[in-house]
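The sequence and the structure come first.

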Amino acid sequence: MTHTQPPRSLDRFGLQPPSDGAAANQRRPTLDGWIPIRDLHARHRRRILDHLLQLDERDRYLRFGFQITQDQMARYVASIDFKRDEVFGIFNRKLQLVAVAHLAAMPGQGPHGDSSRGRAMEFGVSVLESGRGKGLGMRLFQHAIMHARNQGASHMMIHALSENAPMLRIAAKAGATVERDGPDAEAWLKLPPDTVGSHIDSSLHSLAAEVIYRVKYRVMHIADWLRLIASA
Ligand SMILES: CC(C)(COP(=O)(O)OP(=O)(O)OC[C@H]1O[C@@H](n2cnc3c(N)ncnc32)[C@H](O)[C@@H]1OP(=O)(O)O)[C@@H](O)C(=O)NCCC(=O)NCCS
């Protein structure tokens with residue numbers, strides 16, 4: 001961890017500042033717009049797989065880049081190394097996992113396979129149809145930027161199909177360089193170094209998201225319990 005402050009021109013996610021006022025409002029989440037993003041762990045594998053199984057064939061193709069079978073998705077989820085990588089999720093009011101992001105370490109990899117460019121992390125994401133277009137994909141991307149910086153990564157990489165306009169839009173908005181090669185595209189985002197602030201932000205976000213989830217969980221179960229008593 002370094003203690004260097006980011007240049008003034010970067011926002012708290014380490015993104016370039018927007019060029020107009022409207023975009024600025026979109027990129028700077030207000031308190032009202034804050035979304036709890038919860039850290040997911042090995043015990044959440046089943047829920048991650050359930051989330052992925054809810055994607056239709058096209059979304060699975062966009063997420064993984066090929067026609068993945070259910071068995072292959074199960075193997076992918078079973079193989080996630082939660083000690084090395086980071087996985088985050090957004091839960092809806094019913095505590096269903098509507099969005100999942102996987103930030104995977106790519107040791108020694110920079111753009112163009114150039115190991116001298118430092119450590120890179122690959123970002124993969126999926127948002128269920130019901131949650132699309134509300135900025136969840138972008139929030140997860142910003143969250144991943146903060147975590148990748150705190151892990152000491154110099155770049156974040158997104159491998160997407162060239163036809164995947166929403167994903168490439170999210171990456172390009174954050175300032176990533178998008179390279180298209182036929183049906184495939186790679187977006188590389190150079191990250192500023194971590195700061196004390198980025199570590200504090202990350203810890204506070206994680207803590208707040210966990211507390212909110214647990215409170216919602218208890219409220220839901222008390223409500224179920226009360227309904228059961230009322231119907232007895
Ligand atoms: C890609 C994905 C995660 C985006 O999730 P989302 O929550 O809907 O994304 P957001 O709402 O944060 O933002 C999407 C951006 O793309 C834009 N967009 C949406 N559809 C678009 C289209 N057809 N063409 C161009 N831009 C489009 C939106 O307007 C928004 O940009 P804006 O903020 O400037 O308005 C979601 O579509 C998904 O899960 N797709 C299937 C899996 C996948 O493709 N994963 C990515 C590969 S790793």
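**Basis and overall make-up**

The model is predicted, so local features need pLDDT of at least 70 and side-chain atom pairs count only at pLDDT 80 or more, while totals for chains, interfaces and linings use all residues. Residues are numbered from 1 along each chain as its sequence is written.

The protein has seven helices and seven strands, where helices (H or I, at least four residues) and strands (E, at least two) are DSSP runs numbered from the N terminus. Read from the N terminus on, the order of these elements is α-β-α-α-α-β-β-β-α-β-α-β-β-α. Of the 232 residues in the protein, 29% are buried; a residue is buried if 20 or more other C-beta atoms lie within 10 Å of its own, exposed if 12 or fewer, and partly exposed in between, with C-beta atoms placed from the backbone. Two residues are in contact if their C-beta atoms, placed from the backbone, lie within 7 Å, and among the contacts in the protein with a separation of 6 or more, 63% join residues 24 or more positions apart.

Two packed helices are described by the angle between their axes and the distance between the axes. In what follows, axes are lines fitted to C-alpha atoms, for helices over the stretch in contact, and angles run from 0 to 180 degrees between N-to-C directions.

Helix α5 (residues 136-150) packs against helix α7 (residues 196-231) at an angle of about 125°, and their axes are 10 Å apart. That angle makes α5 oblique to α7, given that angles under 35 degrees count as roughly parallel, over 145 as roughly antiparallel, 65 to 115 as roughly perpendicular and the rest as oblique. The crossing of α5 with α7 is left-handed; a crossing is left-handed if the near helix is turned anticlockwise from the far one by less than a right angle, and right-handed if clockwise. On the α5 side the contact is made by Met 146, His 147, Arg 149 and Asn 150, and on the α7 side by Ser 198, His 199, Asp 201 and Ser 202. These residues divide into one nonpolar, five polar and two charged, where Ala, Val, Leu, Ile, Met, Phe, Trp, Tyr, Cys and Pro count as nonpolar, Asp, Glu, Lys and Arg as charged, and the others, Gly among them, as polar.

How many residues of α5 are buried, and how many of α7? In α5, which is mostly covered, 14 of its 15 residues are buried, whereas α7 is hardly covered, with three buried residues among its 36. Those of α7 are Ser 198, His 205 and Ala 209, and what covers them includes β1 (38-40) and α5.

Just after α5, Gly 152 takes a positive phi of about 85°.

**Helices α2 and α4**

The axes of helix α2 (residues 45-53) and helix α4 (residues 70-79) come within 10 Å and cross at roughly 145°, in a right-handed crossing. Here Arg 45, Ile 48, Leu 49, Leu 52 and Leu 53 of α2 meet Gln 70, Met 73, Ala 74, Val 77 and Ala 78 of α4, and the residues of this contact divide into eight nonpolar, one polar and one charged.

**Single residues**

| Residue pair | Sequence separation | C-alpha distance |
|---|---|---|
| Asp 59 and Val 127 | 68 residues | 9.2 Å |
| Ala 78 and Leu 49 | 29 residues | 9.0 Å |
| Gln 67 and Glu 57 | ten residues | 7.3 Å |

Asp 59, found in helix α3 (residues 57-64), is partly exposed, with 16 other C-beta atoms within 10 Å. Ala 78, placed in helix α4, counts as exposed with 10 C-beta neighbours inside 10 Å. Gln 67 is found in the loop between α3 and α4 and counts as exposed, with 10 C-beta neighbours inside 10 Å.

Leu 95 lies in the loop between β2 (86-91) and β3 (97-106). Although Leu 95 is not a glycine, it has a positive phi of about 65°, and it is exposed, with 12 other C-beta atoms within 10 Å.
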